[in-house]
Amino acid sequence: MSDPREAGDRAVMTEIVLPGVVEPAGLQVRQQPVPAPGPGQVLLVMEASGVSFAEQQMRRGKYYDQPPYPFTPGYDVVGTVAAVGTGGDTSLVGRRFAVLTKTGGWASHLLVPAAELVEVPAGVDAAEAETLVVNGITAMQMLHRVAHVKAGQTVLVLGANGGVGSTLVQLARRAGARVIGTASARHQETVRELGAIPIDYRTPDLTAEVRAIAPDGVDAVFDHIGGEGIVASFGLLAPGGTLVSYGTASTRDAEGSSKLPVLKLIARLQLWNALPNGKSAHFFNIWAGRRRAEAFQARLAADLTEVLGLLAEGEIRPQVAARLPLSKAADAMSLAESSTVTGKVVLIPDVTRDGHGGSDIKHG
Ligand SMILES: NC(=O)c1ccc[n+]([C@@H]2O[C@H](COP(=O)([O-])OP(=O)(O)OC[C@H]3O[C@@H](n4cnc5c(N)ncnc54)[C@H](OP(=O)(O)O)[C@@H]3O)[C@@H](O)[C@H]2O)c1
């Protein structure tokens, strides 16, 4: 692949800017010169970047440790290396990689550390791979590094049609577990097709419905909702069971501090863990351990490589809800927040002169 910085009119890149607390329509499209990679960096040409729940929180100023505005959102990206920094490994050029970025992914070109690249298997579609970057790492690590889910166990996945939820269901089924999955009424069939027993999360008595399926309780609960419902999640555990809490979606629209709901939740989980109740409670944070960069990256790469391998082998089904061009990020965000889709809304490059790009939306 040629270096786009030398390619005439392609020397300009497009990026999406979140300027402050705005509605999706307030996202800005900005053009900039394509940057040059520094030592240890590569220039990645974006092929797919996802819309995650994190961006819904970031546009409300509600993500736990978001950068100050303005910034370019984009939690993860799949792209092809176009150039490497001085002294870098030139064999990376032309190869396709996935990167967990937290922010910055919603750009046609971006600089990333070469050490953070995870190769995407040949023949895998970029948007399909993209749906499994943050979602796949999160699901894999919670299942196998935190809850240690085994064959024959029963687990409860809240939001089983969502990005992380649909991945959790599939990986838990592969591990031989029975899965109960909550979702709104319109997504029950999708959850069943993924291999879980669906329950409507708006049911008046969720606990009774789960108990009807698992009278002795479940071996693990994966809860991204937080709030008062976390008490019911912990109560549904069988002796020896594990609660994995990994978000506070219930407070997305609440006024006040973005940190307080998370800190309150963690304090509660720590208290439950300290009490002699025969169960355990954890808060999962995908960035935990990042200060030990090498070990962190090795774990992340191993888990993501495994998930992408399963995708390449057809062992898990990617859930691409929609593909929209980067410049339509505002529409993509509105769609992701509409509760009408299954899986992940993915941004792809804008239509190019050779005809690539365009929209493709699949409502759930
Ligand atoms: N801690 C970490 O390191 C980490 C990493 C990645 C993600 N996360 C968290 O994981 C969560 C999911 O992210 P995502 O990108 O997968 O989001 P997503 O695709 O938007 O999915 C969210 C899911 O939650 C469901 N939901 C909403 N309200 C619910 C309720 N009251 N009870 C049960 N389900 C409910 C939604 O159902 P409908 O479609 O019916 O609305 C949807 O299935 C977010 O809270 C995110 O912050 C945490």
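Axes here are lines fitted to C-alpha atoms, for helices over the stretch in contact, and angles run from 0 to 180 degrees between N-to-C directions. Helices (H or I, at least four residues) and strands (E, at least two) are DSSP runs, numbered from the N terminus. The model is predicted: local features need pLDDT of at least 70, side-chain atom pairs count only at pLDDT 80 or more, and totals for chains, interfaces and linings use all residues. Residues are numbered from 1 along each chain as its sequence is written.

Stop 1: Select residues 20–347. UniProt, in an unreviewed entry, places "domain: Enoyl reductase (ER)" there. UniProt positions follow the numbering used here, feature names are shortened, and annotations may be inferred rather than shown by experiment. Over residues 20–347 the chain is 31% helix and 25% strand. The end C-alpha atoms of that stretch are 21 Å apart.

**Stop 2: helix 3 and helix 4.** Select residues 134–146 and 163–174. The two axes come within 8 Å and cross at roughly 50°. Helix 3 and helix 4 are therefore oblique to each other (under 35 degrees is roughly parallel, over 145 roughly antiparallel, 65 to 115 roughly perpendicular, the rest oblique). Now show the contact (C-beta atoms, placed from the backbone, within 7 Å). Helix 3 brings N135, G136, T138, A139, M140 and L143. Helix 4 brings G163, V164, T167, L168, L171 and A172. By class, this contact has seven nonpolar, five polar and no charged residues (Ala, Val, Leu, Ile, Met, Phe, Trp, Tyr, Cys and Pro are nonpolar; Asp, Glu, Lys and Arg are charged; the others, Gly among them, are polar).

**Stop 3: helix 3 and helix 9.** G136, I137, M140 and Q141 of helix 3 meet L300, D303, L304, E306 and V307 of helix 9. The contact has five nonpolar, two polar and two charged residues.

Stop 4: Select its shell (C-beta atom, placed from the backbone, within 6 Å). The shell holds 27 residues, the closest being G159, G162, G163, S184 and G247. Helix 1 (53–58), helix 3, helix 4 and strand 9 (178–183) each give two or more residues. Twelve shell residues are nonpolar, 15 are polar and none is charged.

**Stop 5: two backbone details.** Most residues other than glycine have a negative phi, and most peptide bonds are trans. Select Y69 and P70: a cis peptide bond joins them, with omega about -10°. P70 sits in the loop between helix 1 and strand 4 (76–84). Finish at K102, where phi is near 70°, a positive value. K102 lies in the loop between strand 5 (96–100) and strand 6 (109–113).

How values were computed
Contact = placed C-beta atoms within 7 Å.
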